[in-house]
Amino acid sequence: YNKEQFTQLVKPKLDYQAVRGDIANILEQQGWDGYNHIGPVLVRLGWHASGTYNKADKTGGSDGATMRFSKEQNDPANAGLQHAQKFLEPVKAKHPGISYADLWVLASYVAIEEMGGPKIDFTPGRKDAPSEASCPPNGRLPDASKGSSHIREVFYRMGLNDREIVALIGGGHGIGKCHTDRSGYDGPWTNAPTTFTNLYFKELFDKTWTQKKWNGPLQYEDNTKKLMMLPADLEIRNDPEFKKIALEYKENKDAFFKDFASAFKKLTELGFKQF
Ligand code: DDH
């Protein structure tokens, strides 16, 4: 055997099914976000770990788990994700053989599935980078105040297309909420923030969205004043190409689930090469 084959042979096999179960068991956290469920913030961790990818120079992406280092953790876009990392520590302690990079991605898959979303097949093998030197530059994640050309620039840089953009944003913002102490924005997109649905698209088209009057950043509210949309969310309704796709997902939940599952798997495997 060569060294690589030998390492593979003697490495204890990780029981990913057991890791899945242990992640599922920590999703309910008393007092978290008013709905006692950390699924949404775990999905955001998986997305922000991955969404730094640049296909031109193959830097960034989920492989490396570089958000462990303060440079990337301190990117303003990642505010709040230290909580998500901490929630996963007991799972890492119980299964020390899993890399953080794999754990974060697996946790986002488990959260999506446990919230009623599609099951995404997990491919392990990501490794943890040894130092901050592997961090991608800050500022690669999308800016919520900007329009469709910015959104396309960010996702095309990763190598993702318009259908993938709409599926990913609709799935991600169909769960969870914005926090004034993290992004400055406030509130959830739907009335079911811990259930994975295509409700985001229904809210987007069926409600009237008006500018919220407050001292915070520009965001939109519905007539109940309970739900919100970011300026970037309204681009999914206003841009003709995004709109066509979003209307399809509003009417066809199965197509949305299927496309979301493959786009999220692709997103979380950007730059990840299995040996
Ligand atoms: Fe997002 N997102 N996101 N998002 N996102 C926020 C929260 C959550 C943008 C901005 C924000 C995706 C795309 C975009 C989730 C998943 C995904 C917040 C609020 C802002 C701001 C953070 C806070 O205050 O806690 C922008 C801009 C974009 C864009 O693409 C233009 C995508 C693609 C996903 C995904 O999952 C694939 C999730 C989940 C949350 C809720 C987090 C929580 O704690 O709850």
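User: Which element gives the most to the shell around the ligand?

Analyst: This is a predicted model, where local features need pLDDT of at least 70, side-chain atom pairs count only at pLDDT 80 or more, and totals for chains, interfaces and linings use all residues. Residues are numbered from 1 along each chain as its sequence is written. Helices (H or I, at least four residues) and strands (E, at least two) are DSSP runs, numbered from the N terminus. With five residues, the top contributor to the shell is helix 3.

User: Which residues come nearest to the ligand?

Analyst: A residue counts as near if its C-beta atom, placed from the backbone, lies within 6 Å of the molecule. There are 25 residues around the ligand, and the ones that come nearest are Pro40, Gly172, Gly176, Arg182 and Ser183.

User: Where does the ligand shell lie relative to domain 1 and domain 2?

Analyst: The chain splits into domain 1 (3-141) and domain 2 (148-265), with bounds that come from an automatic or database domain assignment. Both domains give residues to the shell, so its place is between domain 1 and domain 2.

User: How many residues does each domain put into the contact between domain 1 and domain 2?

Analyst: The domain centres, taken over C-alpha atoms, are 23 Å apart. Residues are in contact if their C-beta atoms, placed from the backbone, lie within 7 Å. On that basis the contact takes 21 residues from domain 1 and 19 residues from domain 2.

User: Which helix gives the most to the side of domain 1 that touches domain 2?

Analyst: That side of domain 1 divides into eleven nonpolar, seven polar and three charged residues. Here Ala, Val, Leu, Ile, Met, Phe, Trp, Tyr, Cys and Pro are nonpolar, Asp, Glu, Lys and Arg are charged, and the others, Gly among them, are polar. With six residues, the one that gives the most is helix 3.

User: How are helix 3 and helix 7 oriented to each other?

Analyst: Axes are lines fitted to C-alpha atoms, for helices over the stretch in contact, and angles run from 0 to 180 degrees between N-to-C directions. Helix 3 (residues 39-50) and helix 7 (residues 100-114) pack at about 140°, with axes 8 Å apart. Under 35 degrees is roughly parallel, over 145 roughly antiparallel, 65 to 115 roughly perpendicular and the rest oblique. Helix 3 and helix 7 are therefore oblique.

User: What is the angle between helix 9 and helix 13?

Analyst: Helix 9 meets helix 13 through residues including Ala167 and Leu168 on one side and Phe256 and Phe260 on the other. The axes are 9 Å apart, and the angle is about 100°.

Terms used: Two residues are in contact if their C-beta atoms, placed from the backbone, lie within 7 Å.
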